[in-house]
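User: Hi, I'd like to learn how to read the features of a new structure. Can you walk me through it?

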Amino acid sequence: MKKLIILIITVLSYSFSMSATYKAKYGWFGTVGIANGYFEKNATNYKISTYSQITKFIDFKNYHISQGIIKNGILIPLIYKNIIIKDDKKYSLIYKFDYKNKKIYKLKYKNGKFIYKRVLDFFAKNDILTLYFNIPKIMTKNKQTFYALGGDRDTGRVDVEILSKGKITKIKANLYNKIFAGDRGILFLDINTSNWVTLKGIVKNVLKIGDLKGKLVNFKQVP
């Protein structure tokens, strides 16, 4: 569910700020999570921040922040932060992109205390948030493989398929990253084609109980 909430956030224009709120529902449990996203950019820089909270089952809060530059309309991440708060423990994961040496460095902290620094086994030019926002510019086929921080843990692989186009573009995305036990992380997204804002998303038949659904409930854009 975390990946669904994270991926279903907002998107694209030239120089503006944008915010969105989503709710996630799961089978007969009703609303199980909420998410808020904020995206701002100008001609040269961008910042994306998201906050998600699971409101049932566990006490879990999750923050994602992506910051970087813009070249030829493409978002290029320089730093990506993931802050997790669970059971009064705070875990901070900081990822730094080194394009010169084609490396991504991961730093981990627990309750503010440094734990380790290591290099990921793969390099990618996107994180999972910038990949979504960049898709309208970098996807050249109806079915395509990309690589992003937040995809497959070992390779960063993400498969994206455009199922249909019209006023609403329907996309299938495989993150190769488990959402619940037994699920492989396949998302179905309905996106407003005119502004590339996700309207709703779904993960089918999670744990054989029911569909996990995310839906846009509030959206604001400032030109």
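Analyst: Ring pairs join Phe 39, Tyr 132 and Phe 133 into a cluster. This is a predicted model, where local features need pLDDT of at least 70 and side-chain atom pairs count only at pLDDT 80 or more, while totals for chains, interfaces and linings use all residues. Residues are numbered from 1 along each chain as its sequence is written, and side-chain values use heavy atoms, with hydrogens and water left out.

User: How many aromatic pairs does the whole structure hold, and what describes a pair?

Analyst: Two things describe a pair of aromatic rings: the distance of the centres and the angle of the planes. Rings of Phe, Tyr and Trp (its six-membered ring) pair if their centres lie within 6.5 Å; planes under 30 degrees apart are stacked, over 60 edge-to-face, the rest tilted. The search finds 7 aromatic pairs here. One of them, Phe 39 with Phe 133, is stacked, at 4.5 Å centre to centre with 15 degrees between the planes.

User: Which ring does the charged end of Lys 117 sit over?

Analyst: A charge sits over a ring if NZ of Lys or CZ of Arg is within 6 Å of the ring centre and within 35 degrees of the ring normal. The charged end of Lys 117 is over the ring of Tyr 105, 5.1 Å from its centre.
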